[in-house]
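Hi there,

Here is the structure I promised to pass on. Have a look at it first, and then read my notes below.

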Amino acid sequence: MSVNAPAPRDLADIRPEKVDGFSIVYCDDDIVVVDKPAGVAAHPSPGWHGPTVPSALLGEGISVTTSGAAERQGIVHRLDVGTSGLMVLARSERAYTELKRAFKERTVEKVYHTLVQGLPDPLRGTIDAPIGRHPGSEWRFAVVEDGRESITHYETQEAFGPATLVEVHLETGRTHQIRVHFSALHHPCCGDLTYGADPTLSAELGLTRQWLHAHRLGFTHPASGERMSFESPYPRDLTYALEALREGNIRRG
């Protein structure tokens, strides 16, 4: 008996693609800042067949540096597929080196807004809890004793009863960090069924993904040395959920 398996996809074969909701916020010879919609991966990976940031950039006629692994050229940080907001990519080798250093040295300002279930106590604080692979799932993460240092600073912006709008400043940048940390506090991101969000509340808010948005990104330009800062407005689905809470249409608590 013989089995004909399809040839594995070449992750380095990135083709131009027009992506709805994808926009260029800033672009020069060294960097490009994009506003990524949910449903777009930061880069190609095994098992992912949807749009990616590199393919969307090519669709806009913008190239990035060849620095980095073939499927991650120009990538200096990532956002989850289900997270929207700002990303910066390198278009030159100098920018790639300097931006990678900036993220490693934690000089990049990364500010997220998230809607979490319930009301965090205290309203403002720091979550310092190591994150590693979930012991029962290879694709989830968790707070574990032998995990990597993970530090999240947060401050309440608006409280609604069923949920709270929180501003988050990331000191570290672990995979799923915000989602894991707030889940560990029993205040998961609304809509984040992977990390324990209430499916009924998620449905009432019209959410099909986590309410998590990379709202502000600040860094020193790798060539000019100028300090730059960018902000991204909430996309439509997140705005809808927020307005439903503000108007008192959601009364679960």
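Where does UniProt place the feature "active site"? The unreviewed entry puts this feature at D80; UniProt positions are given in the numbering used here, feature names are shortened, and annotations may be inferred rather than shown by experiment.

Before going on, please keep in mind that this is a predicted model, in which local features need pLDDT of at least 70 and side-chain atom pairs count only at pLDDT 80 or more, while totals for chains, interfaces and linings use all residues. Residues are numbered from 1 along each chain as its sequence is written, and side-chain values use heavy atoms, with hydrogens and water left out.

**Around D80**

D80 sits in the loop between α1 (53–59) and β3 (84–90). Helices (H or I, at least four residues) and strands (E, at least two) are DSSP runs, numbered from the N terminus. Neighbours within four places in sequence aside, D80 is in contact (heavy atoms within 4.5 Å) with K36, V40, H176, R179 and Q210. With R179, D80 forms a salt bridge, the closest N and O atoms being 3.0 Å apart. The term means a side-chain nitrogen of Lys or Arg within 4 Å of a carboxyl oxygen of Asp or Glu.

**The two domains**

The chain is assigned domain 1 (11–105) and domain 2 (107–252); such bounds come from an automatic or database domain assignment. Between them the two domains bury about 1,900 Å², 65% of it on carbon and sulfur atoms. Buried area here is the accessible area (1.4 Å probe) that two parts lose on being put together, summed over both. D80, S84 and L86 supply 26% of the area that domain 1 buries against domain 2, more than any other three residues.

In terms of contacts, 26 residues of domain 1 meet 26 residues of domain 2. The rule finds 1 salt bridge across this interface. On the side of domain 1 that touches domain 2, β1 (23–27), β2 (31–36), β3 and α2 (93–104) each supply at least two residues. The most comes from α2, with 6 residues.

**Another salt bridge**

The structure holds 13 salt bridges. One of them joins the side chains of K18 and E60 (3.6 Å, N to O). K18 lies in the segment before β1 and E60 in the loop between α1 and β3, so this pair ties together parts that are 42 residues apart in sequence.

Best wishes
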